[in-house]
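Here's a quick briefing to read with the model open beside you. Have a look at the fold first, then work through the points below.

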Amino acid sequence: MAHVVVRSQDPVEKQKVMIDPLNAMGGAASKYFDDVQFIPLQTTKESLFGRIDQLFVTPEYYVILDKDTEAVLFFNKDGSFHHKVNRLKFDRVFRTGSNEGQRRSIISSISIAATGDRFYVRSVFEPNVLYVYSFDGERVGKIMLPRYTQDYFQLKNGYFVCKQLRPYSEKRINEFVPFDISIVKDSLSAPGFYLPVNFRNATLLDDLSMHMNYFNRGPVDSVCLYSPDFSYTLYQLDAGGIQKEIEILLPKDLSIPLNFDTDSIYKGKRQEWLKGKSLVHCIWAASFVKNYLLMDLRMTNPAAVTLLYSPQSGRLITLDKIAADIKTAYLPVSTGSRSEMLFSDHENIYFSVPSVAMFAAKEAARDKHPVYPALLENYFNTQDRKSNPVLLQLRPKSNL
């Protein structure tokens, strides 16, 4: 193992939040949201895509990664198609197969740079390399992250917070840095390491849940929120390290055992142990929207629960039991009709709704005579059930 720099820091602030996901409040959309917007994504021959693997919202665009069509698509804020960066532009994230001689997509993820005018592309074969592209699709540079980076988040000040990959087996533990988090300013700086791990007892890579995103937006742009596998503790991280720990306390009958990630008795058996048990095995994603803590919990049954917690009132609201009403023009906003949470910013939460669900809801609400805004009226008049999905933007009320 290479020499590492372990940063020392003062004791961090700790907060405990007690919740019961299965008894969270539901109700009509108008009770909880100031604004509900449905934004149809324009469907043309060029803009038709398979699925939304990642969504980012910038001041100008909705930016979508679709691995099915191997493209990054840019839509204007009214949903009209702007342009697409297709596979031919990603010159360094494609590899030629040795047998068939065909190139195949190996893009693992994208993100928007802290400057807001570029995006990063990461390859499964080079997880610690970010290829930097302009929004026009021209490659303008690359950034080297610490070795064995599994996931990352760039803070507004340019620092990168990185999730370190854990080894696949004990035979290779000496190759890996025994920490879960590294924080680095740039390719030339030595990273600082946080949250030490004993690989001989802890969960190794083949037994992890494997998040798509371990990091999400914190309460301010200089902070991100890290949610580990098999843990109910959220870590607020900034350029200086761990700023705060938020421990989520769940009912005992929904909780995995204490130290499930580090106790050697579960070694190599964690995924098998969870089968058939209705437990919360991790906080899949967490962020702050307004003054609320937004959490996506992953369970075995139900598979996911999306919650909004108010520290001020102590109320816990489930976004999976929000009923369509006049606020939503009786269009779907709840689980079963929409996607899982795709993105959040300081004001809004974003999902997507497939066109087949939109048209089905329109038919079901015919006797209610809903009034649609011009954008949706045009969508229903010109599109069909096979069109691109519609983005759903929810803005929670203040003081819930």
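Residues are numbered from 1 along each chain as its sequence is written, and side-chain values use heavy atoms, with hydrogens and water left out.

**Around strand E17**

- Strand E16 (residues 160–164) pairs with E17 in the antiparallel sense over 4 bridges; two strands count as paired if DSSP finds at least two bridges between them.
- The strand and helix labels are DSSP runs numbered from the N terminus, with helices (H or I) of at least four residues and strands (E) of at least two.
- E17 also pairs with strand E18 (residues 192–196), again antiparallel and over 4 bridges.
- Within that pairing, Ser182 has Phe193 of E18 as its bridge partner.
- E17 itself (residues 179–184) is mostly covered, with 6 of its 6 residues buried; buried means under 20% relative accessible area, exposed means over 50%, and partly exposed is in between (1.4 Å probe, protein chains only).

- E23 pairs with strand E24 (residues 292–299) in the antiparallel sense, over 8 bridges.
- Val280 faces Met299 of E24 across this pairing.
- The hairpin has 2 residues between the strands, and Lys290 takes a positive phi near 55° there.

**The five-stranded sheet**

- An open sheet is built from 5 strands in the order E2-E22-E21-E20-E19, with mixed pairing.
- At its edges sit strand E2 (13–18) and strand E19 (215–217), each of which pairs on one side only.
- From one strand to the next, the twist averages 25°.
- Strands E20 (residues 224–226) and E21 (residues 233–238) run antiparallel and are joined by 3 bridges.
- Tyr226 has Tyr235 in E21 as its bridge partner.

**Salt bridges**

- How many salt bridges does the structure hold? There are 18, each being a side-chain nitrogen of Lys or Arg within 4 Å of a carboxyl oxygen of Asp or Glu.
- As a reminder, side chains of opposite charge can pair when their charged atoms come close.
- Glu13 and Lys244 meet through their side chains in a salt bridge (3.7 Å, N to O). Glu13 lies in strand E2 and Lys244 in strand E22 (residues 241–249), so the pair ties together parts that are 231 residues apart in sequence.
- Lys244 is buried, with a relative accessible area of 15%.
- Lys16 forms a salt bridge with Glu247, their closest N and O atoms being 2.7 Å apart. This pair also links distant parts of the chain, with Lys16 in strand E2 and Glu247 in strand E22, 231 residues apart.
- Lys16 is exposed at a relative accessible area of 58%, and Glu247 is partly exposed at 31%.
- Asp296 and Arg298 make a salt bridge through their side chains (3.0 Å, N to O). Asp296 is buried, with a relative accessible area of 2%, and Arg298 counts as buried at 12%.

**Where two helices cross**

- The axes of helix H3 (residues 355–364) and helix H4 (residues 374–382) come within 11 Å and cross at roughly 100°. Those axes are lines fitted to C-alpha atoms, for helices over the stretch in contact, and angles run from 0 to 180 degrees between N-to-C directions.
- H3 and H4 are therefore roughly perpendicular to each other, a label used for angles of 65 to 115 degrees (under 35 is roughly parallel, over 145 roughly antiparallel, and the rest oblique).
- On the H3 side, Ser355, Met358, Phe359 and Lys362 make the contact, and on the H4 side Leu376, Tyr379 and Phe380 do; contact means heavy atoms within 4.5 Å.

- The protein chain averages a pLDDT of 90, and 93% of the residues score at least 70; pLDDT is the predictor's confidence in each residue, from 0 to 100.
- Confidence is lowest in strand E10 (residues 103–105), at a mean of 50, and highest in strand E29 (residues 390–396), at 98.
- Over residues 99–103 the pLDDT is below 50, and this stretch has 9 contacts in the model beyond near neighbours in sequence.
- Where pLDDT is low, the predicted coordinates should not be read in detail.

Key
This is a predicted model: local features need pLDDT of at least 70, side-chain atom pairs count only at pLDDT 80 or more; totals for chains, interfaces and linings use all residues.
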